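Work through the exercises below with the sequence and the structure open. Try each task before reading its solution.

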Amino acid sequence: MISDAIDNEQIGTLLCDVLEAHGYDFLEYSHASIKRRITRLYALDNFVSFAEFRYTIRTDKQYFKRFLEEITVNVTEMFRDPSFYKALRNDVLPALGTYPFIRIWVAGCSTGEEAYSLAIVLKELNLLHKSLIYATDINPSVLEKAKKGMFPLNYLKAYSENYVQSGGLKDFSSYYTANYSLAKFDETLSSKMIFSTHNLVSDHSFNEFQLILCRNVLIYFDKELQHKVFQLFDNSLEKLGYLALGSKESLDFWSRSKEYKRIKMEKIWRKL
């Protein structure tokens, strides 16, 4: 079995290589999850030996790009968990509407579906003109896709259903133009977005925000790293700002969770 071909020690060595050669730190990611993805890639690309695999990752920039794409998880959709977007629409964004300017950080934005969903809600609340969405990810390839604002047309039926369930006010198709097999989203949405690479493990706070979304990213980190990231978000969040996490993530186990108040049933907390 190929899965037995890579042991825990080799995984550790490989992750140290990646940090040393490329500056990406995956050492505190959930071990089982990252081992599974590395093993899958190793099997998929038919390497003769682990040594060859390791050497290629260290020295071949093009292959490292592929490694990064396979190791970082890019599962996302527009208006994912519609009740979450309903809570943003009804409880969070109207409260931020009183601010002269709204800065939002979508951390781990992947191919951008979440940033575009957020921009649509802001537009419908007449807040987009005074908002700026910073969308960041560790993976430069997915950011290139996100910047284009183009998504496969066959996904749009599900996205449209999510949008309606989230309290959407318009005909969803008014936000994009169909172009062969792709839907291109309106540039008035992307004009209020800044896409850039950011590594939650090693990079610092880069602004002060009223809302931070980091959904379904922390499930891949171990507890210690999660706490480190919560500290980063705390440093980046204004007093009375909001932090939104994924459905399987929680702030409750963090040592400073009492400085935050949970909003209703959703995984949204307000900084006190």
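**Exercise 1.** Find which residue of S10 stands opposite Tyr242.

Solution. Step 1: Tyr242 stands opposite Arg270 in S10. Step 2: strand S8 (residues 237-245) and strand S10 (residues 268-271) pair in the antiparallel sense over 3 bridges. Two strands pair if DSSP finds at least two bridges between them. Helices (H or I, at least four residues) and strands (E, at least two) are DSSP runs, numbered from the N terminus.

The model is predicted: local features need pLDDT of at least 70, side-chain atom pairs count only at pLDDT 80 or more, and totals for chains, interfaces and linings use all residues. Residues are numbered from 1 along each chain as its sequence is written, and side-chain values use heavy atoms, with hydrogens and water left out.

**Exercise 2.** State the strand order of the open sheet and name its edge strands.

Solution. Step 1: the order of the 7 strands is S6-S2-S1-S7-S8-S10-S9, with mixed pairing. Step 2: strand S6 (193-197) and strand S9 (260-262) are the edge strands, each pairing on one side only.

**Exercise 3.** Describe how H1 and H3 pack.

Solution. Step 1: helix H1 (residues 8-22) and helix H3 (residues 50-59) pack at an angle of about 20°, their axes 9 Å apart. Axes are lines fitted to C-alpha atoms, for helices over the stretch in contact (heavy atoms within 4.5 Å), and angles run from 0 to 180 degrees between N-to-C directions. Step 2: H1 is therefore roughly parallel to H3 (angles under 35 degrees count as roughly parallel).

How values were computed:
Parallel < 35°, antiparallel > 145°, perpendicular 65-115°, else oblique.
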